[in-house]
Amino acid sequence: MEEGESCSARRELTALVVDDQEVLRRIHGRLLKDVGVSHVEAARNGKEAIDIHRGGQSFDLILMDLDMPVMNGIQATRGLRAMGVRSKIAGVSARNEGEGVKEFQEAGLDLLFPKPLTTLHLSSLVTQIKPL
Amino acid sequence: MESVVRLQRQLVDYTASLFQEGYLDEQFIQLRQLQDESNPQFAVEVVSLFFEEAERLLDELAKGLSQENTDFKRLDAQVHQLKGSSSSIGAQRVGRICIAFRNYCEMQNVEGCLNSLQQVRQEYSSVKSKLETLFKMERQLSAAGGSVSSP
């Protein structure tokens, strides 16, 4: 039996919300808790997200906004993947197709959601995630 | 008891009118559904945050448009933010004008931007007033012993 399989308690999911707007951080954080993510942290831009990971933290899921000051979602996603971060990264963007969205996906996203996010978007996503 | 029924009726009718007139959309319903016993004031708190952010952005947009060399890229980023937060709380009309506003930014059309700013200020002011009335009605209902249920 592999290590971990003998443990009957399932570890609860963790998530990081990366968005420069507080309104969105609050709503997305609450949406995540509503679909069963027990621990949610927040970062105000891509640089903070990278610093949090450099500090040793890791998350099952990262919700990454595209347009942010200091470091945007494309740069942050590339940076996290280059660091070896294997978390599920879901991009969140209000931009239309063709406005840099392809570049965002190619930076290393697992999937992309339009803004505004809904419970429906997140509940199906969360069922797919196995804790790291 | 009669006043609770009356207040509940007024709240239901007022809320319905805001949806019918296009001030709010289903995102507002989702916001209300995120309230529970552990977060009873969630919608009010988030909407208050939206008011603060929107007012800051509207001031910055006005400043940006009053400058001799308008930085349209910066303006566009600010309108994009306003669209994002207004859409997230369900302020539909504000979000719609932001789309037109962004088009004028892209065309670098100062007059179009100024008109859009005026319109977005008006729509923001309207939805703010309506939401404040809605939350006041909810407080009155709670104070009278009634319960506020999601539409």
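Reader: In this predicted model, are α1(A) and α3(B) roughly parallel or roughly antiparallel to each other?

Author: In this predicted model, the axes of helix α1 (residues 22-34) of chain A and helix α3 (residues 42-66) of chain B come within 9 Å and cross at roughly 160°. Angles over 145 degrees count as roughly antiparallel, and α1(A) and α3(B) are therefore roughly antiparallel to each other.

Reader: Which residues of α3(B) make the contact with α1(A), and how many charged residues does that contact have?

Author: On the side of α1(A), the contact is made by Glu22(A), Val23(A), Arg26(A), Ile27(A) and Arg30(A). The α3(B) side consists of Phe42(B), Glu45(B), Val46(B), Leu49(B), Phe50(B) and Glu53(B). Sorted by class, the contact has six nonpolar residues and no polar ones, while the number of charged residues is five.

Reader: Where in chain A do Lys115(A) and Asp19(A) lie, and how many residues apart are they?

Author: Lys115(A) forms a salt bridge with Asp19(A), with 3.4 Å between the closest N and O atoms. The pair links distant parts of the chain, since Lys115(A) is in the loop between β5 (111-114) and α5 (119-128), whereas Asp19(A) is in the loop between β1 (14-18) and α1, and the separation is 96 residues.

Reader: Is Asp19(A) buried or exposed, and which residues are linked with Asp19(A) in a network of salt bridges?

Author: Buried means under 20% relative accessible area, so Asp19(A), with a relative accessible area of 1%, is buried. Lys115(A), at 16%, is buried as well. The residues linked with Asp19(A) in a network of salt bridges are Asp65(A) and Lys115(A).

Reader: Why are Lys128(B) and Glu132(B) separated by about one helical turn, and what is the relative accessible area of Glu132(B)?

Author: Lys128(B) and Glu132(B) form a salt bridge whose closest N and O atoms are 4.0 Å apart. Because the two residues are four residues apart in helix α6 (residues 110-143) of chain B, about one helical turn separates them. Lys128(B) is partly exposed, with a relative accessible area of 22%, and Glu132(B) is partly exposed too, with a value of 40%.

Key. Residues are numbered from 1 along each chain as its sequence is written. Chains are lettered from A and ligands numbered from 1 in the order in which they are written. This is a predicted model: local features need pLDDT of at least 70, side-chain atom pairs count only at pLDDT 80 or more; totals for chains, interfaces and linings use all residues. Side-chain values use heavy atoms; hydrogens and water are left out. Axes are lines fitted to C-alpha atoms, for helices over the stretch in contact, and angles run from 0 to 180 degrees between N-to-C directions. Angles under 35 degrees count as roughly parallel, over 145 as roughly antiparallel, 65 to 115 as roughly perpendicular and the rest as oblique. Contact means heavy atoms within 4.5 Å. Ala, Val, Leu, Ile, Met, Phe, Trp, Tyr, Cys and Pro count as nonpolar, Asp, Glu, Lys and Arg as charged, and the others, Gly among them, as polar. A salt bridge is a side-chain nitrogen of Lys or Arg within 4 Å of a carboxyl oxygen of Asp or Glu. Buried means under 20% relative accessible area, exposed over 50%, partly exposed in between (1.4 Å probe, protein chains only).
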